[in-house]
Amino acid sequence: MFPSEQNCWFVRKVIYWRAAASIAWAVLLLPPFTAAFVLFSRFSLFHPIQTLSECLAFLTSASAIFSLILLSGVMVILGFLNLEYYTVVPTIACSKIELLGQLLHPRQLANSLICCIMGVIVAWCCAITTGSRYDTLGSMCPQSDGDTSQMCLNEYHLILLLGGAFVGLSHSLLGVIHNMNYVSFNTVQQYKYLCVKGSLTTVVKCSATQALYSVRSFIIVYFFFGYIPKAWICKTLSLQLDNSVHPLDSIAGLFNLSLVYHLWISASFLLSTWHFTLLLFRIYVTEVYNFPVQSSFTEDVQQCLPKVLSEKQPVILKFMALQDLALLSQHSPSRRCEVFSLSQPGGHPHNWNAISGECLSLLTELNQRLVSYHDSVATNGRAKSLSTASERKTSSETSVTSGAEDPMSPRPTLLLKTPVSVFARTVTGTPKSPLTAPFTPDLDSPFTSPTLRRLTTPAEQCSPWSGTLQSPHVMRRGVKLWSTPTDPQVNGSPSSSPTSVPSPKVQPSKPSLLSQFLLNRREQVKGFLAKRVLIMYLFNKLPEASSQALFADSQAHIWALEGLSCLVQASFSEDQFGVVQTTLPSILSCMLTLQEAVDRHFKLPHASSKPVRSSSSMEDSTHKTLRFALRATLKTAIYRITTTFRDHLKAVQLSPEHQKRLQQFLEYKE
């Protein structure tokens, strides 16, 4: 989504300049990386002084300067790619086929092609730097006897170029798999110099490790398919093969420690420079930006914090505004006073209303998302029609009344302490209640399975299975679903209405032969695919990834919780006009409702398992643990409010359920 004209100021004046600064520093720090590569590629243990003199002579040569110019161009292009593909909300694939679709996306294919070309350019610069037998692609054939027209292929130079293309391609693909374009915000604020200094060792280590794995994979690929590019290059450039040396696509040719070392050091140089450019981009883009709370000039109103939060903005702008809100609510008393101030004239708390309203809408949206996810999990991913609020209320009252009249009847499920939006059901009603909609199929549909039709067809009145079942063994044979409602008449509880008008029976229409034929063929295809391991491996959902995708943007909710709770805490002594007291009930209700939904989510099987953090790549695994950070922040935010107001919260109007839950926080039992 492109930014509108009102917020283009942020993209032009902040993001573009920060990206340009990161690219400039990457280019300025490229000579030290190049000097280190020249030293390691030409190093000789037996002639150290001669190695140093050769390195100094090469660094001042024209070929080294030309290589630096090419590498600088690669850094600039890479910086533009980082600016184009970065995101603050990672795209998490919930299945293998979805991940494959991301890898084969045309936009990603273009990125992979550009990375391959840049890898070839960097590898060519490395070959020029290394010199010796890696210098040129063609060389004089030893059997030519002075004939300069016969040129042979220098396979060492070719394998170095192909290695650079392979490393560039693998870097692009791993970037999609590990979400390396994801930019996270640091919890602890540091100066840029300290961030770069602390992460430089990690960059070098991760680059060397990833280069080692990439070289291993490239050697295996070149062993099986190396003859294809070699034959194509020889045919295109009219080069001959040198039969006096072992071909490199053989075991004897690839078992060369010097070749493996130069492949590894070249790949390490490529990845370290690229990872360092990505590191600088992350540090510069996520730097804190201070938004003014209010302004006296009309043209600057669009840049104020309440206006930025309340309007549709780019995601990066929204995140920075929420980050600034969390910081000012904790460390800036003067800016907090501006949040609590009243407008003149009029005396309205516009700043507080805009900030609190946006934070509450974010938390409410997350709560609705969690409820929808729990509903889909409860119904095995099938659509579910929810009953209206009036029906749920009437059903709840009827259930409690019936339970009080007949203590021997089974306790209805509505008495369980679970959210009403998920498990509130109608226990009295017709066979087509809203609860049974996902589980009772439409028998009139031609796509209904014959087996399921036999299971769901009611028994005839003259059948011995109809009426009241006397044997408990017979009751065990009944087809039960864990979420199917229990008929109150079967359980012995009275009906909700004394008189019920029987609905006329509708005779199901028989499906046509064509519909039955298509249904049988569909079932056969589904059964055939379900037995194929590869198909199930690609299409099966990943529960851990689904939970991570649910909380992918939870960093914004964490800042909203911190900002709201700290502002409410500070209002106890700093809010002179009492603007926070008007929204305190809605804030507490929203937090308590969200806390209940988050607790229910962590009761799912795969939600509470922490992923293992990878230490061999530049992957930012912060998004994998956002749900744990959100749960801790939410509980801390509620405790921050309860420990500040204490007994004053008894005067806040809340629902009985929320008052009971809030009392647990007041007694430190959560």
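Which residues in α25 meet which residues in α26? The points below take this up after the overall picture.

1. This is a predicted model. The chain has 670 residues, and 41% of them count as buried. Its secondary structure consists of 27 helices and two strands.

2. The accessible surface of the chain is about 37300 Å², and carbon and sulfur atoms make up 63% of that area. Among contacts with a separation of 6 or more, 78% are between residues 24 or more positions apart.

3. An unreviewed UniProt entry places the feature "transmembrane region" at residues 20-43, 55-81, 109-130, 158-177, 211-228 and 263-285. Two of these stretches can be set against the model. Residues 20-43 are 92% helix and 0% strand, with 35 Å between the end C-alpha atoms.

4. Helix α25 covers residues 584-601 and helix α26 covers residues 626-645. Their axes come within 10 Å and cross at roughly 145 degrees. The crossing of α25 past α26 is left-handed.

5. As to the opening question, α25 contributes L584, I587, L588, M591, L592, L594, Q595 and V598 to the contact. On the α26 side, the residues they meet are R631, L634, K635, A637, I638, I641 and F645. By class, the residues of this contact are 12 nonpolar, one polar and two charged.

Note on methods:
Residues numbered from 1 in each chain as written. Predicted model: local features only at pLDDT ≥ 70, side-chain atom pairs only at ≥ 80, totals over all residues. Heavy atoms only, no water. UniProt positions renumbered as here; feature names shortened; annotations may be inferred. Helix = DSSP H or I, 4+ residues; strand = E, 2+ residues; numbered from the N terminus. Buried < 20%, exposed > 50% of the residue type's maximum accessible area, 1.4 Å probe, protein only. Contact = heavy atoms within 4.5 Å. Areas by Shrake-Rupley, 256 points an atom, 1.4 Å probe, with all protein chains shown as cover. Axes fitted to C-alpha atoms, helices over the stretch in contact; angles between N-to-C directions. Left-handed = near helix turned anticlockwise from the far one by under 90°. Nonpolar A, V, L, I, M, F, W, Y, C, P; charged D, E, K, R; others polar.
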